[in-house]
Amino acid sequence: MLANKTLSTLIRNVCIRRNFCLSQKILRGNIGVKCGVSAQQSKPTHTNKERFLQTSAKSLKSERLGSMPQIKTEISNVQVLLDKTELVIEWMDGHESLFQASWLRFHCFCPSCYSSADGLYKIDIERFKKNLTISSTSWNQSEQVLKVHFDNDVPSNHVALLPYDWLRENCYCDVCLKKKLSDRDVITRNSQTPKKMPVVDYDEIKDNPGQFLFDFMHHTFEVGYCKILNFPKEDELFMEFAESLGPVESNPFGYYNGTFFDDVKNTGAVDNAGHTNVDLPFHQDYRYADTCGQTIMFNCVRFDDCVTGGESLMVDLFQVAEILRDESPEDFKVLTKVPVIYENVNSNKRHFQIQKTHIEVDYNGKVTSCLWSGDLRPRLQVRQSDVTRYYKAHKKFSEIMKREELHIRFRHVTGSLVAMNNRRMAHKRTQFESNGGVRHFQQLGLHTAFMRNNYMLLAKKLGRVVSPPMTGNGSFF
Ligand SMILES: [Fe+2]
Ligand SMILES: [Zn+2]
Ligand SMILES: [Zn+2]
């Protein structure tokens, strides 16, 4: 239900709540106007099916691309290669794109093959012959669409339509692929030391809520974490703020579909080390529950000065993984191949288990996800030949993680909120003594894909050009 709310509504809700809390200072009307401004700036593209069916080649281009940043481009020449399985487009700016016949055919944007209204894949791929060849091409600068005829096409009179700027945007030559990978790779780009904690001030939300939310999400994606100062004390605001970023997830400690967050107090609860005062090693939360808590937020409700210890540390596991790859490539490889089991099984209360590798890499060899639950003993159940080499690699990874120069060390303060990417960062807490004081947090987890969706939509509204960032969910794109 929450996911269906528009971002501007959510921003407005956050504003209104904030406005309520600061009613002496802020005029409700002013906030409404501010929110309205960002809504007016957005230009939603409605895909009308009837209109689409009458689509000319030219309008097809703008329909497909919507408000994506467009590369101004013109074709200078198209050459079909001798065996007719590929063609080369020479663009006016000198760039050359090589496309395979099957790629062109199965990305056709004609109304018979593609429906932008419902996204249905309308091509019966199994009806095609194995080797598709190009019979002819034509293009027209005013329509900005490349037309391609194929031998043995289905149906036989079919003409493939491919908008220029879509072709250029999706060129998969080595140069273009490399650029796309590097644009999205916020993690490697920002996995460097020394690190500073990015900070935003909640008071900024009353003047420019869109910008505030953008900055907060931007830092959380790029750097991996972000702190908010002056976060309000009202309990419900933590939940409302989180919901403005994405759906809040239940956590495995019994808060399913109901009460929302985990109060982390020094309660001495025996089944959650986070509720005790002991030193917690580097770990990611809820990793045995797989998709749970991809982004986690800690709201520091109270942290008395008299409490000693209880400092927080974070380490970027993507950075740890890259150092491991540099220093010990064989160990790196082992941690991408040999899986471990993380589980949280507690009599009749919980039975969560996953078996995954500590490091996931994609098609390009890029690290796309890291898993480390140092608070739980990983269970190893693999082929005999992998056991010794696994523990060697585990030891090396763990040693790198403990290097102080990689740590971000801080002490939470009352009224601060820290969010972190729980697929990238591991965190730990030092032992503390309450000395009669209180150390009290609220914590919750968000689904990062929804937060990224809100981030991209908000960037568009604000006119900010950002590449969809990788998030540590195992997918590069
Ligand atoms: Fe934790
Ligand atoms: Zn078609
Ligand atoms: Zn290219």
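This is a predicted model: local features need pLDDT of at least 70, side-chain atom pairs count only at pLDDT 80 or more; totals for chains, interfaces and linings use all residues.

Modeller: Start with one facing pair: Val88 sits across from Leu98, which belongs to β3. As for labels, residues are numbered from 1 along each chain as its sequence is written, while chains are lettered from A and ligands numbered from 1 in the order in which they are written.

Biologist: How many bridges join β2 to β3?

Modeller: The general idea is that strands of a sheet pair through backbone hydrogen bonds, parallel or antiparallel. For a pair to count, DSSP must find at least two bridges between the strands. Strand β2 (residues 86–91) and β3 run antiparallel and are joined by five bridges. They belong to an open sheet of three strands, ordered β1-β2-β3 with antiparallel pairing. Its edges are β1 (75–80) and β3 (96–100), each pairing on one side only. Ignoring direction, neighbouring strands in it are turned by 20° against each other on average.

Biologist: And in which order do β4, β5 and β6 come?

Modeller: The order is β4-β5-β6, an open sheet of three strands with antiparallel pairing. Both β4 (133–140) and β6 (160–163) stand at the edges with a single partner strand, so each has one side without a neighbour in the sheet. From one strand to the next, the twist averages 25°. Strand β5 (residues 145–151) is tied to β6 by four bridges, and Leu146 faces Leu162 of β6.

Biologist: Does Asn435 count as buried or exposed?

Modeller: We count other C-beta atoms, placed from the backbone, within 10 Å of a residue's own: 20 or more means buried, 12 or fewer exposed, anything in between partly exposed. Asn435 counts as exposed because it has 11 C-beta neighbours inside 10 Å. Lys84 has 16 other C-beta atoms within 10 Å, so it is partly exposed. Across the 477 residues of the protein, 34% count as buried.

Biologist: Which residues touch the most other members of the largest nonpolar core?

Modeller: A nonpolar core is a set of buried Ala, Val, Leu, Ile, Met, Phe, Trp, Tyr and Cys residues joined through C-beta atoms within 7 Å. In the largest one, with 64 residues, they are Val315, Leu317, Val320 and Ala321. Helix α9 (residues 209–222) gives this core its largest share, six residues. Another core lies apart from it, with 20 residues, including Phe150 and Leu162. For contacts, the C-beta atoms, placed from the backbone, must lie within 7 Å. Setting aside neighbours within four places in sequence, Val320 is in contact with Val315, Phe397, Ile400, Met401 and Leu406.

Biologist: Last one, helix packing: at what angle do α9 and α14 pack?

Modeller: Two packed helices are described by the angle between their axes and the distance between the axes. The axes are lines fitted to C-alpha atoms, for helices over the stretch in contact, and angles run from 0 to 180 degrees between N-to-C directions. For α9 and helix α14 (residues 448–462) the angle is about 130°, with the axes 10 Å apart. Angles under 35 degrees count as roughly parallel, over 145 as roughly antiparallel, 65 to 115 as roughly perpendicular, and the rest as oblique. So α9 and α14 are oblique to each other. Among the residues making the contact are Phe214 and Met217 of α9 and Tyr455 and Leu458 of α14. By comparison, α12 and helix α13 (residues 384–401) pack at about 110° with axes 9 Å apart, and are therefore roughly perpendicular.

Conventions. Helices (H or I, at least four residues) and strands (E, at least two) are DSSP runs, numbered from the N terminus. Two residues are in contact if their C-beta atoms, placed from the backbone, lie within 7 Å.
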